Amino acid sequence: MSRMRRREFLNLSALAAGGALLTPRLTFANATPGKSRLVVVILRGALDGLAAVPPYADPDYPRLRGDLALRAGGGAGGALPLDGYFGLHPALNFLHDSFTARELIVFHAIASPYRERSHFDGQDLLENGTPRAHAVQTGWLNRALQEMPGNAEREAGVALGQNVPLVMRGSAAVTSWSPSKLTALDEDTLARITDLYASDKLLSVRLADALAADAIAAEDKSATAMMGNASMQSPAQPVQAVQGGAARYAEVVHAAAGFLRQENGPQVAVFDTTGWDTHANEGAAQGQLAGRLGQLDAGLAALKQQLGPVWNDTAVLLITEFGRTAAINGTRGTDHGTATVAFLVGGAVAGGRVITRWPGLSQQALYQGRDLAPTLDLRCVLKGLLADQLRVPSRALEKTVFPDSQSARPLEGLLRG
Amino acid sequence: MLQPLNPAIAANRFGLGARPRELAVIGGDGRDWLRAQLTTAPLLADAALRSSADILAQGLVLQRQIQAARRNGALANVTASDAATAAELQKLPQYLRPIYVSEVTARFAEAVSSERPLAERLVQFWSNHFAVSVDKQYLAGLAGSLEREAIRPHVFGSFNDMLLSVETHPAMLLYLDNQQSVGPHSEVALRGQRRGGLRRIGINENLAREILELHTLGVGGGYTQADVTTFAQVITGWSIGGAGGRPAGAEDGKFEFRADVHEPGAKVVLGTRYPDAGFGQGVTVLRDLAHHRSTAHFIATKLTRHFIADEPPAPVVERLARVFMQTGGDLPSVYRALIDSREAWQQPLAKYKTPVDYIISGYRGLGLPVDAGRAPLAPFELLGQRTWQPGSPAGWPDRSADWDGASALMKRIEWADAVGQRLGNRRDAQQLAPDLLGANLTDTTRSAIAHAATASQAVTLLLSAPEFMRR
């Protein structure tokens, strides 16, 4: 049975169910012309900000990074110039083009309020939006969706993957989607399972959300084509994860663009990527990190291309749980650190800027004598972004989205217009 | 108290899902059936599986050949050497991949056929506690051997023994980069300085941090950054023969303590001073960590979350932690306290199954064959939980919200449908449902299965039922 047939079933099923369970969640947010889109990408594992955005003009940088320091100036292996002080890693060609086109803001020496060095607590806090790990079981993005004007009972958010990451968990209706590698169910079986779940609070909602996401995906012809191409004959190639990374980006970006292009689609998409925990043999202009950055950069380029005109209404935020040690460790890598970089890229972004209060890299300037010191609270960026891109009222931002964040004033003017 | 008489809780929560007639075998009191499983170590007897040292030694030979080919290639013309290098680089993955497939198949087959499913669940629990991920080089070949060599022998032993086995296993040393970590005042470092070597020599704190955070005390367990750094110095020299590009000092692929990279001197970790005793210094720190109050609490919390509820009831955690402390980390004593906890038997179906739970219970319940011809990796791949590939040393998460996504549910239903189609009328779901789910079977599910249009649809409904999604 084709995806389209499943969608037809949905309409029937919604009618049959009298609207009680399925109907309210089956419609995505109504499209308004030029409505803004937000994509949040979580880089799990702690991205090395000093490698992604090398401060090549800082006198202490070459000393700390030794032969892994990136040289100034473009050309073979040199950092791509931004503002004469900072450069971009040479693998980040698309981001560099975006900077030139004034569609990229780089934030440096930025950190969440987290000051320890556990990935897992760091990610928890990055996503839960409070100053404490495990303080709540919901994410700031979901709480923002709850506060978005006119967003009642509509799936405004989609996670690209089987499950929803913490940042988007909560009571606002969201869904998750990943390409199916098995045949879709016939409508009779699906109807029976819907009945079977009728009195199960969790499963009935999840099933309805899944069907809603499938319906939107089916509307996107190219997404359907992609699903047809997805090969279920080849199981995972875990030992070739680095090569496989490009394929995963292609799949996720394609799906994200498919959803965001839709008139009736979700406004917000989130996905995550792993592999940034570069303790050993990190590489410089080439090597392990360069490979990952290159895949990420190519994924973003593909997202822009596939979004078409929607790119102009889009802001893509890239964040990571913390940074890495300023100096290279004994195994040509970097250990867990504190401040790092964040990126905001998209047609809606008032870019072409590096926003930072640079603390320097001298021994006294380093946080606890080892890490880039944080001078910008990530929540300042998140608040400014949510206020401008999703029109989340500032009272809500202060109260429910980012509790206990008075010290982090929203950064204004991150977006055009 | 009636609840302990519910054999379905024993089979589905503590076990890996009932096989046909398993509930009858369990009989009256599920606790007896579980306690009886806490006997000999659940070793995996499979002659085809090789030792980690053997796997690694052959890999190192291959790696040296690859390196030699790259050096030679670099001298020849560039284009030709690129192609040659690419082909050479594929040799290691091509060598490791079949090892991964046989390890996964053997583990999966054991879980599906085991008559001691609690033992297999515990193996998986500990394997996930000491997680490695096969997306790092060599781990595809070694993750299975870590579980077989360092976890299985100690599942019914002491935590301290398991901890030491794991932290000295080549898989863990490689995964968390310790084989390259060098003490800044070690002989090797000093020699390097005298020669004026440019290469920075020093420690890598990855393994030390994760031992404290993930394997023993837990985050917030009372250690500082200084403890991490000092502990990393303590375990410098914990390495592998033949690894790290240095001449082999011991047998290739086996754990090797390298005194010449060990950071000399006494060290203070968590307020205790440890005199330098070479390898023994780290062993003593590990022993103290294994008996630490924070470790007892951390392990008790994880076990209670895994077996009882996402939000572990505090009285159970306290009870388990107390037993852990009193017995010096005797694991069977801790399991017995868990089995004897009233709370474990009160709420049926409190845990949402992980994809692995779901797949294994489906295979057990329906008696599906695990044979190499059936591509045993596929279901784990499809449902989003590839064996030994959690992607981080924290392992797979253990709460409902991590697994109950909309798309994840649809994948399970589609898989259930595929299984139903494959079986056709070769299974009778109407008969199986009460046999597998016992008292957990609801009237709604019973009736849906009874009214299914076909035998294969009945199987799909059984596998999709709310009470089959949970344990």
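Between chain A and chain B of this predicted model, 4 salt bridges are counted, a salt bridge being a side-chain nitrogen of Lys or Arg within 4 Å of a carboxyl oxygen of Asp or Glu. Residues are numbered from 1 along each chain as its sequence is written, and chains are lettered from A in the order in which they are written. Local features need pLDDT of at least 70 and side-chain atom pairs count only at pLDDT 80 or more, whereas totals for chains, interfaces and linings use all residues; side-chain values rest on heavy atoms, with hydrogens and water left out.

Through shared partners, Glu205(B) and Arg370(A) belong to one network with Arg117(A), Asp371(A) and Arg209(B).

Now for the interface as a whole. Contact (heavy atoms within 4.5 Å) involves 62 residues from chain A and 69 residues from chain B. The two chains bury about 5,300 Å² between them, 55% of it on carbon and sulfur atoms; buried area is the accessible area (1.4 Å probe) that two parts lose on being put together, summed over both.

Within the chains, Arg248(A) forms a salt bridge with Asp272(A) at 3.8 Å between the closest N and O atoms. Because Arg248(A) lies in helix α11 and Asp272(A) in strand β7 (residues 268-273) of chain A, the pair ties together parts that are 24 residues apart in sequence. Arg248(A) is partly exposed at 37% relative accessibility, as is Asp272(A) at 22%. In chain B, Glu381(B) pairs with Arg386(B) in a salt bridge whose closest N and O atoms are 2.4 Å apart. Here Glu381(B) is buried at 18% relative accessibility, while Arg386(B) is partly exposed at 29%. Over all chains, the whole structure holds 40 salt bridges.

Methods:
Helix = DSSP H or I, 4+ residues; strand = E, 2+ residues; numbered from the N terminus. Buried < 20%, exposed > 50% of the residue type's maximum accessible area, 1.4 Å probe, protein only.
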